[in-house]
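Visitor: I have a model open and would like to talk through a few of its details. Could you take my questions as they come?

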Amino acid sequence: MASSTLRVPGQANGAPRASSESRLQLKNTSGYSTPTFAGKDAQRAQVVAAVAAKGFVPAELVQLEVAWFYDQLGIDDTYFASETVEEICDHIIALFGAKVVAYTKHDMDRLEIDLEKIQRPSQPGDRDGALFIHTSPPGVTSTEGPGATCERRIDELFLDNSKPQHAYRLETFRSAGSISATASQQLRCYFVSRCQFPDSIPKPEPGKRTDIRAVSDKSFLERASPNTLEIYQSVMWNVEDRYGPVIEMFEVEGSRERRIVIGYKMGGTSHYFSALSDLYHFYGLYSARKYVEQFANGITIISLYLNPLPNSHAPPIEHSILQVMKEASLLYCLPDNPFFGKNPAAPGGTCGHAVQEATYAYCGWIFAQHFCNRLGSAYLALRGVLNETDAAHAEVLNNIKRRFREETFTRQSIEEVILSRPDIIRMLYVNFAMTHYPTGQAQASQLMPTLSYQRLQVDQPLTDAELYDRIRRTAGNKHELQIFESFLMFNKHVLKTNFYQPTKVALSFRLEPGFLPEVEYPRKPFGMFFIVGSDFRGFHVRFKDVARGGIRIVRSKGKENYSINQRMLFDENYALASTQNLKNKDIPEGGAKGTILPSLDASPKLCFEKYIDAIVDLLIPGQTPGIKEPIVDLYGKPEILFLGPDEGTADLMDWAAIHARERGATAWWKSFTTGKSAAKLGGVPHDTYGMTSLSVRQYVLGIYKHLGLREKDVTKVQTGGPDGDLGSNEILLSNDKTVAVIDGSGVLADPAGLDREELRRLARKRVMVSHFDKSKLSKDGYLVLVEDQDVKLPSGEIVPDGLDFRNNAHFRFKADIFVPCGGRPEAVNISNVAALLDAEGKPHFKYIVEGANLFFTQQARLYLEKRKVIMFKDSSANKGGVTCSSLDVLAGLALTDTEHSELMTFKEGGQPSEFYQSYVRDIQRKIGENAAAEFLCIWREYERLGGAKPRAVISDELSQTITDLQNELEASSLFDDVRARQGVLKEAIPATLRDKLGLETLMKRLPEAYQRALFASYVASKFIYTCGVRASNVDFYRFATGLAAKA
């Protein structure tokens, strides 16, 4: 049995086929044993009697109807063995009644049968499954009647939710005969049954593979032929080795029938079984039989027995089957695609898209939702008139911007335009495909071009200018034109994509971000990725080639919140990456961020895995024919992304690194993700060593030092509780008088000061404030949980809803210092910042250190600073984690796999090596030095200007000055001065790593692009921190002359 999966069309096992004789062929049998029901004749006699007794069918026709049902329809004996006499009787009468109805309408072709029985067990031993029988014209996807919904219902009720503990198998076949002498329709029968797996599933021994017989359903083993078992065994092994679908095709001896076998991991897609029917119907094929088999090791295998429709004008099956295989992979990514198949909105109602065109339309639909120009000239004109530094003006602009984004181009309006103009979508797809369809070596090795390639040759491609002119002349209005312009913009800015990869789990596009409008996105990113899956969408944005940032899963609470998240996803991603870029000024990696928005019912973990796999498709060269092949790469240079943990992904970093290694990223898998488990993969956890909190604490302590404050006398409010990284370590490191802590579980407050030891207990256990011992509160203290309602506070105030109270609690408290350690972005913005002032206009807080990312908008920061609040923003205060992650990346790049395992992972007993402990101390020292240096630089600059410029602006200018200088240094020849380079790298690389490997070895191992970034970041940050933001060229000359002396 050949082990290849999803071969290049025209190849077997990745090698060119010399002739048709070398193709994989099966004997012309079903591959399953046909059960023989021994009691069929006796049952038939009982059914005749039962039908006659009902009196509905004329007595003289009873024998004929029963004989037709048993002998002429070709119904499998599975049906007769599993159904009762009464049920079969009802089905025969229903069939006869449908014939009578059709006869009265003088249209026997309108005869419809719809029989179903869904059985759920009420007690152990009861049958768990279903039976569906309906009329089904071959090769046609029904749009009305029972056939229009049957397979989708089977997906939703049984297949999509199958898990090893509760799985369903399906077998379905088309009746051999028509339903009557005067009607041409055939019956389609579906049998669904609960899988019966062995009681104990043995795990394969090391070095051995899963035995299919050990994980199979009992009835499958009874019926599957040895050849079927052999085929399925091979597919199963390939699924276990790969992330994504495995697709095989077999010819049948002496027949034009083709059989497609598809294997994948349970839960990897949804509605796939029903979508596959739409796919092969599109190419004029029909199925004689179909099977869905589930296995206890979490694998699903689908078999389709496909035949050409007689007298069809569709392409011959010998051609179309290759296209079905190719598009089955796309369908796996997007099974629910509103643009696939027949399009009732199109002129004439018959023009639809093939899967490739429909998938392109879907991705363009998502792209247009985010990147149609939503603000326009009216907004620009208004922006030019108003003063954005004025709080009232800024609020007006902000509200108008939100309205534009919500109402200008809605998801529905864009979808309607796409559906109404399939001709334009077709031209846009050809424009896209002519650039990205791989036509090089793979195409040359095929004996026959695929249908998708042939279609591209039929359609005369237009130049970009010709295509735009055609769209401009044919678009119905300006709204339509802007939507189609966004598709053309998408085409022009895709540098590479996995769209045409034979196997994939989601669509990924590497985009050149020059299309982003400056009015909305003032700083142009270096690069961005756009990822589309069946149950999620995502982005990754980075501001330098060498860049690092976390991957955030954006969760939605209900449909309305999901709709908002859809609109704002890229804007949040861009803002987070931009902030990260400012924060990363001390390290080689520029700022980056990734976001994933799962659908409401999707598994966030599975969405993350698909997101990572789709990005890796574009980072490593495809070298496996039929699985991962070379793609069209307009970028033309190697790329490495450095990813880190963020909301919802902290426990997924190990998987991403290991998956990258398994995909072949041998050079960079160790540095692909940070936040990995310390013991297993040698990561440096931020929370364990308080890395993020160390930089925040430097700002808090800096304020105390420069103002002569005693920490124990300072009152503090904190968002982000003892369960989180930053919140727990802020509690453990501080010794102030905390009067309120707000976290996901509720609000804990006490004006007398919360019990410090009790807070530390919660922080060490990493649990929420809901676990606080309320006996340790003073008479004025309280704990209000989010689920509470109508709670009376010690002051007598009634809290009607705990969730609303929690969401706005940071506006009600007063203290000396506010340290946000958690919360959603823009929790305080220009619309609500006034709530942080009392009735006399006095701020609630004297000092704010913004530990949580983007907790305040810039306008809100300026508003507070104008009212004399001493405030340090997130990009300055919260950078300890990024420094730690950067040095984690450095270790991954510098150490070989063997060295990394020996020095960075924990050995027997779970203890870190001396090297590891020393390296962690180096990281902590570096964080403290960088944070203290930046704090002092901002403080001095503010004093030098006499308070004329807000600290938030100084912070941004400082970050921008450093990053601009970094970019200049990376492009300069200063790096080429070997002595200067050695002197800088000697200081920039932690002593523990430098002493272990030696500077010469490090310079050989580290990629040159990374060395340049490390060199530039160290020189730029040290120079600015030492000489100030206003340092001159002369100052830099003096600074630079000392670099070589350190070599």
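Visitor: Which residue forms a salt bridge with aspartate 687?

Guide: This is a predicted model, and in it aspartate 687 forms a salt bridge with arginine 766, with 3.2 Å between the closest N and O atoms. The pair links distant parts of the chain, since aspartate 687 sits in helix H24 (residues 686-689) and arginine 766 in the loop between helix H27 (756-765) and E22, 79 residues apart.

Visitor: And is aspartate 687 buried or partly exposed?

Guide: Aspartate 687 counts as partly exposed, at 28% relative accessibility, and arginine 766 likewise counts as partly exposed, at 31%.

Visitor: What about glutamate 639, what does that pair with?

Guide: Glutamate 639 forms a salt bridge with arginine 542, and their closest N and O atoms are 2.7 Å apart. Here too the pair links distant parts of the chain, with glutamate 639 in the loop between helix H20 (604-617) and strand E18 (642-645) and arginine 542 in strand E15 (residues 536-542), 97 residues apart. Glutamate 639 is buried because its relative accessible area is 3%, under the 20% cut-off, and arginine 542 counts as buried at 0%.

Visitor: How many salt bridges are there by this rule?

Guide: The count comes to 73 salt bridges. A network of salt bridges links Arg552, Glu572, Lys593, Asp646, Glu647 and Arg824.

Visitor: Switching to sheets, in what order do the seven strands of the open sheet run?

Guide: The order is E22-E21-E20-E19-E25-E26-E27, and the pairing is mixed. Strand E22 (782-785) and strand E27 (870-872) are the edge strands, each pairing on one side only. On average, neighbouring strands of this sheet are turned by 15 degrees against each other, direction ignored.

Visitor: In which sense do E25 and E26 pair?

Guide: Strand E25 (residues 815-820) and strand E26 (residues 845-849) pair in the parallel sense over three bridges, and phenylalanine 818 stands opposite isoleucine 848 in E26.

Visitor: Last one, where does threonine 883 sit, and what is it in contact with?

Guide: Threonine 883 lies in helix H31 (residues 880-894) and is buried, with a relative accessible area of 3%. Leaving aside neighbours within four places in sequence, threonine 883 is in contact with Ile587, Lys926, Ile927 and Asn930. A polar atom of the threonine 883 side chain also lies 3.1 Å from the backbone oxygen of lysine 879.

Definitions and conventions:
Residues are numbered from 1 along each chain as its sequence is written. This is a predicted model: local features need pLDDT of at least 70, side-chain atom pairs count only at pLDDT 80 or more; totals for chains, interfaces and linings use all residues. Side-chain values use heavy atoms; hydrogens and water are left out. Two strands pair if DSSP finds at least two bridges between them. Helices (H or I, at least four residues) and strands (E, at least two) are DSSP runs, numbered from the N terminus. Axes are lines fitted to C-alpha atoms, for helices over the stretch in contact, and angles run from 0 to 180 degrees between N-to-C directions. Buried means under 20% relative accessible area, exposed over 50%, partly exposed in between (1.4 Å probe, protein chains only). A polar contact is a pair of N or O atoms within 3.5 Å; within protein, one must be able to donate a hydrogen and the other to accept it, and residues adjacent in sequence count only if both atoms are side-chain atoms. Contact means heavy atoms within 4.5 Å. A salt bridge is a side-chain nitrogen of Lys or Arg within 4 Å of a carboxyl oxygen of Asp or Glu.
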